[in-house]
Amino acid sequence: MDAILGPIGEFWDGFLSNPVVQLASQLIVIYVVLLWLGTAYWAFRDMQARTENPILPYFAAALIIFFTPLLFIFAVVLYLIVRPRESLAEVYERSLAEESLLAEVEKNELCPVCRDRVDSDWLVCPNCRTRLHRVCPSCNRLADPTWPLCAFCGTDFGRESSRPQRRAASSTADAPPTDSTAPADATAEHARLRGATNT
Ligand SMILES: [Zn+2]
Ligand SMILES: [Zn+2]
């Protein structure tokens with residue numbers, strides 16, 4: 001028995017006492033320890049990017065440390081399974097995309113009053129007669145009714161909207177019958193006519 005084990009043990013002892021082998025094994029141990037600590041740091045930073053909780057990143061790093069340099073790879077597998085799926089940046093990006101999509105739908109596709117589907121270039125909601133846009137008198141492009149001035153040519157609607165009333169007082173010919181201000185113009189015209197007949 002010793003005749004067989006003797007040479008093997010001698011060879012093994014010689015192999016381990018070889019300075020090159022000793023140096024290589026030391027380097028491997030140092031590398032594995034650095035990998036272990038680096039992985040703990042990675043888990044810390046990764047968890048920081050995935051949660052606003054200030055304690056969880058330390059738990060992630062502690063998990064890696066707890067599994068020792070020999071077994072930490074199992075902790076990495078475990079961490080990859082239980083970590084939050086999305087990073088905070090991805091969550092933010094997704095919510096931003098959803099928000100802008102919602103705003104797009106609400107702004108362009110639905111009537112603000114009756115929530116009926118409308119087209120982005122319609123003037124009036126055909127369902128509830130809400131004024132959706134106005135035509136700029138200067139450049140003839142569609143302007144939002146809430147704009148104080150035309151976004152395309154800069155015409156001030158505040159000054160524009162007071163002009164038709166003055167024009168209605170002087171002549172009734174240019175008041176469009178479909179315009180929502182038509183009844184007001186008509187009563188103004190009646191008042192003017194009555195005033196004219198009274199004097
Ligand atoms: Zn409507
Ligand atoms: Zn304009």
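The legends below accompany close-up views of a predicted model.

**View 1. The protein chain as a whole, with its seven helices and two strands.** Read along the sequence, the elements of the predicted chain follow the pattern α-α-α-α-α-β-β-α-α. Of the 199 residues of the protein chain, 9% count as buried. Among the contacts in the protein chain with a separation of 6 or more, 18% are accounted for by residues 24 or more positions apart. The remaining views turn to individual helix pairs and to individual residues.

**View 2. The packing of helix H2 (residues 19-50) with helix H3 (residues 56-66).** Two packed helices are described by the angle between their axes and the distance between the axes. For H2 and H3 the angle is about 155 degrees and the axes are 8 Å apart, and the two helices are therefore roughly antiparallel to each other, since angles over 145 degrees are counted in that class. H2 passes H3 in a right-handed crossing. On the side of H2, the contact is made by Thr-39, Ala-40, Tyr-41, Ala-43, Phe-44, Met-47 and Gln-48, while H3 contributes Leu-56, Pro-57, Ala-60, Ala-61, Leu-63, Ile-64 and Ile-65. Sorted by class, the residues in this contact of H2 with H3 comprise twelve nonpolar and two polar ones, with no charged residues.

**View 3. The buried residues of helix H3, namely Ala-60, Ala-61 and Ile-64.** These three residues cover an arc of only 95 degrees around the axis, which puts them on the same side of H3. An α-helix has 3.6 residues a turn, so residues three or four places apart point the same way.

**View 4. The packing of helix H3 with helix H4, whose axes come within 7 Å.** The axes of H3 and H4 cross at roughly 145 degrees. From H3, the residues Ala-60, Leu-63 and Ile-64 meet Phe-72, Ala-75, Val-76, Leu-78 and Tyr-79 in H4. By class, this contact of H3 with H4 has eight nonpolar residues, with no polar and no charged ones.

**View 5. The packing of helix H2 with helix H4, whose axes come within 9 Å.** The axes of H2 and H4 cross at roughly 25 degrees, and the two helices are therefore roughly parallel to each other, given that angles under 35 degrees are counted in that class. The crossing of H2 and H4 is left-handed. H2 takes part in the contact through Val-32, Val-33, Trp-36, Thr-39 and Ala-43, and H4 through Pro-69, Phe-72, Val-76 and Tyr-79. By class, the contact of H2 with H4 has eight nonpolar residues and one polar residue, and no charged residues.

View 6. Phi of Thr-68 is near 65 degrees, which is a positive value in a residue other than glycine. Thr-68 has 10 C-beta neighbours inside 10 Å and therefore counts as exposed, the limit for that class being 12 or fewer. The C-alpha atom of Thr-68 is separated by 8.9 Å from that of Val-33, although the two residues are 35 residues apart along the chain.

**View 7. Arg-115, in the loop between helix H5 (88-109) and strand E1 (134-135).** Arg-115 has a positive phi of about 60 degrees, although it is not a glycine. With 13 C-beta neighbours inside 10 Å, Arg-115 counts as partly exposed.

**View 8. Pro-148, in the loop between strand E2 (142-143) and helix H6 (157-170).** Pro-148 is exposed, because 8 other C-beta atoms lie within 10 Å and the class takes in residues with 12 or fewer. When its neighbours within four places in sequence are left aside, Pro-148 is in contact with Phe-157 and Gly-158. The C-alpha atoms of Pro-148 and Gly-158 are separated by 6.3 Å, the two residues being ten residues apart along the chain.

Conventions: Residues are numbered from 1 along each chain as its sequence is written. Chains are lettered from A and ligands numbered from 1 in the order in which they are written. This is a predicted model: local features need pLDDT of at least 70, side-chain atom pairs count only at pLDDT 80 or more; totals for chains, interfaces and linings use all residues. Axes are lines fitted to C-alpha atoms, for helices over the stretch in contact, and angles run from 0 to 180 degrees between N-to-C directions. Helices (H or I, at least four residues) and strands (E, at least two) are DSSP runs, numbered from the N terminus. Angles under 35 degrees count as roughly parallel, over 145 as roughly antiparallel, 65 to 115 as roughly perpendicular and the rest as oblique. A crossing is left-handed if the near helix is turned anticlockwise from the far one by less than a right angle, and right-handed if clockwise. Two residues are in contact if their C-beta atoms, placed from the backbone, lie within 7 Å. Ala, Val, Leu, Ile, Met, Phe, Trp, Tyr, Cys and Pro count as nonpolar, Asp, Glu, Lys and Arg as charged, and the others, Gly among them, as polar. A residue is buried if 20 or more other C-beta atoms lie within 10 Å of its own, exposed if 12 or fewer, and partly exposed in between; C-beta atoms are placed from the backbone. The arc is that of the directions from the helix axis to the C-beta atoms.
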